[in-house]
Amino acid sequence: MRRKHSFIAISLASLLMFMMFTVPVFSQEKVPEGEKYGGILKIATTGELPTLDAYASTLTIVQQLFPFIAEGLGALDKNFASRPMLAKSWEPNEDATVWTIPLRQGVLFHNGKEMKATDVKASIERWAKYSVTRARLKSLEKVEIIDDYTIELYFRGPFAVLPMVLSTPGTPLIIMPKEQTETTIGKIYEPIGTGPYKFKERVPDQYLKLERFNEYWQIKNPLPHPNSAYAGHKIAYTDEVWLLPTPEVSTRLAGLGKKEFHIVDQLPVGEYGHLRDTEYLQPSVVTPGQMPQMYLNKKGGVFKNRYLRRAVKVALNMDQILMAITEGKKEFYRLDPGIFYQEMIWHSDVDRGLYNVADPEEAKRWMKKGGYNGEEICLMATKDYDYIYKTGLVVAQQLKDVGFNVNLRIWDWPTLTTRRKDPELWDIFCTGSTNMYDPYMWSKHIGAGIYPGWSESDEMKRCYEILGSETDFDERYRQLEILQFLNSLECVMIKVGDYFVLRGQLKGVHNPNAGSQRFLALNTWIEKEYR
Amino acid sequence: MLNYIIRRILLAIPTLIIVGLIVFFLTCVVPGDPVTTMVGDVPLDVIKTIRSEWGLDQPLYVQFPKWFFSMIRGNLGISTSTGMPVKELLLQRMPLTISLAILTIIVGIIIAIPLGVISAYRQNTIIDSMSVILAVFWLSVPSFLLGFILILLFSVYLGWFPTSGYVPLSSGFIPYIKHIILPVLALGAAQSAQIVRMTRTSMLEVLRENYIQTARAKGLKERVVILKHALRNALIPVVTVIGVALAILLGGIITIEVVFSLPGMGRLLITAVQRRDYPVIQGIVIWISFAYILINLIVDLLYAKINPKITYS
């Protein structure tokens, strides 16, 4: 009996000791709310960067890198407003033909050199001459250096949109050392900027590592306003950031589930429920995400005929297309005609009556009026971007249903971009865009006759002239509405709608920009590391 | 034998020339311009400058000999998308691709040859039936699908292995094995299935031969009859299959590399094609050709080793 009691006592004591040492492990850890420094932030991206030259690409994947390492004279905040960054301010003269920009002092590049006016002038000139979106500064006449920390930009005519051009994250006008500006476009392999992180190491298809820049200018002179998207006070909380190209979406998802990545971009929208219901995972829906579109060839083929272009526009059921893109998840898309997202001050639905008509009978009437005789329509899409591929599939079927003789050609992206330059080789191509931040930025794509599709009209060109020079918001908005309506009438660029991107992250990661535009992980810290 | 080896090496040269010619001209006629693919819609004068820097403005009959003689001297050019020497890029990828290929073949051999032998020896038994069914099954399952299943089971649910990525051997044996084992299993399944089938078929043929009956009649142990007399004679076609498999693996398996995010030759090739990075495409194809030539030579030499009746004079 005594032996039995001893046994029970020892067992209870052992159990008690076990609980003392293990219960804290099994119970929920209380993580203090507050900033935390240290660690390596691991971000799974959708693939390898095609270039490390910010001026040479419009691809979103390239722009994922640059907010970490580089800055421009301005930056966009979460409301898409321009805020000075490396510029202290910007002041136009009376007619906005000359802009004076005082620069921040004591800003160091990653190579230790201080940023001065010569670097800024060289960067602007390189961008204005060679970047893929250089058309935005086509009226720039010259850049003059006033002193080491002041420059002036001279334009051939009034140019009201300079702050937006200096701030846009798409093909950003980042400031680099003068020596690096002498590199041929597309041939920068180790970018040097002024950002909170600097380039450390890259092995293509494996990783791109960034490390904290300990001489970042905002450590000593922080901006007074807190971080808001790309603008404001930026802090490098983690020691390093690793961008890990993981092209296979299932692998990205598995890696997130296994806590190998902290943040993962572009997950299938069908995984939203799983992310939400998993204790340690957190989904974020990026709104706005992408804007699928298509362009009709106004220069060659059957769509020189505006009645046939109208037939295409009224035939399309945008709801069906967006459902295909988002796997039927209605919460991941919205029907909207605006060439700006609803979150932006420039949004307008002035052409809602011409959007998503989805009337096959009306389409047939326009086809008859246009004298369509069964000519083959070459519709180009690509599998390189899933949403473009799905758009092409659904559009092809919808147009076939109304009687168009559609030949759907799937090319890889480089082939598609080459072929679309030749008006003899296609009739419709599918594409997409992320954000335009100002109506003036649409000038390359619609109305000026530059971009494949060759949308051109004197009325739209007139709109751009005003948009480029007018500073009054109400007048600019009026021009934007005219532009958008004219575009809808012309039926060269046809917008499908808006769809949203699903990202995922671990709950232990504090990312203030989780649901914001593009892919931002600035000012992110790791609160809790999972083992 | 030495003469034979030298002759084969010399014969490899015209083979490489022809392969080089074909790949060079094929990459030039594929649609998509490498310059605009890399730098986008830049001014025409910039495009002309870059094309001139890359030698793309010269006629093909000038470009090809320049490229070929550089290649012979070991200079494969510069990658247009990364700016790195192509040789350096290939050398970066080779450890992973070679180790993946070799480990896959080793796993395949370890599983498949014993199983093939047993299956043939025990023909029409349950072991034989199971091995045939399994072989057909593993041959039918795409390796990338198997890869997903392995990730789900061993990485996500069991947590034994990482889901993706690669750690070189120099960073530690355990991390290296942990990262490479799942891709090896995913690839090894199909390879072992092929080897099993070939081993079984070959063994069945050999086991029917008179000399096997003679060996048994002489009183030799069954193990000696099977392993020394039968297997050795059955190995010729098996070695051929292994050689072909190894050569294919050395070219990189794109699907597995994408699934497991491995920085191997396959991914390098597909990225180079997407970016129209001609020097890299040409470099990889030459490497694959070289691998095939080398493997074929080794296989031929192994024939002579396995079967003394085969001689090369």
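For the charge count here, Lys and Arg are taken as positive and Asp and Glu as negative, with His and the chain ends left out. On that basis, chain A of this predicted model carries 66 positive and 66 negative side chains, and the centres of the two sets sit 5 Å apart.

Now the overall build. Chain A has 16 helices and 20 strands. Its radius of gyration is 26 Å, close to the 24 Å given by the globule rule for 531 residues, so chain A is as compact as a globular protein of that length. The C-alpha trace spans about 105 × 65 × 40 Å along its principal axes.

What about packing and surface? Of the 531 residues in chain A, 59% count as buried. Take the contacts in chain A with a separation of 6 or more: 72% of them come from residues 24 or more positions apart. The accessible surface of chain A is about 21400 Å², and carbon and sulfur atoms own 51% of that.

One sheet is worth a look.

Strand 4 of chain A pairs with strand 5 of chain A (residues 98–102) in the antiparallel sense, over two bridges. Glu91(A) has Thr100(A), in strand 5 of chain A, as its bridge partner.

Notes
Residues numbered from 1 in each chain as written. Chains lettered and ligands numbered in written order. Predicted model: local features only at pLDDT ≥ 70, side-chain atom pairs only at ≥ 80, totals over all residues. Heavy atoms only, no water. Helix = DSSP H or I, 4+ residues; strand = E, 2+ residues; numbered from the N terminus. Rg over C-alpha atoms; globule rule 2.2 N^0.38 Å. Buried < 20%, exposed > 50% of the residue type's maximum accessible area, 1.4 Å probe, protein only. Contact = heavy atoms within 4.5 Å. Areas by Shrake-Rupley, 256 points an atom, 1.4 Å probe, with all protein chains shown as cover. Charge placed at Lys NZ, Arg CZ, Asp CG, Glu CD. Pairing = 2+ DSSP bridges.
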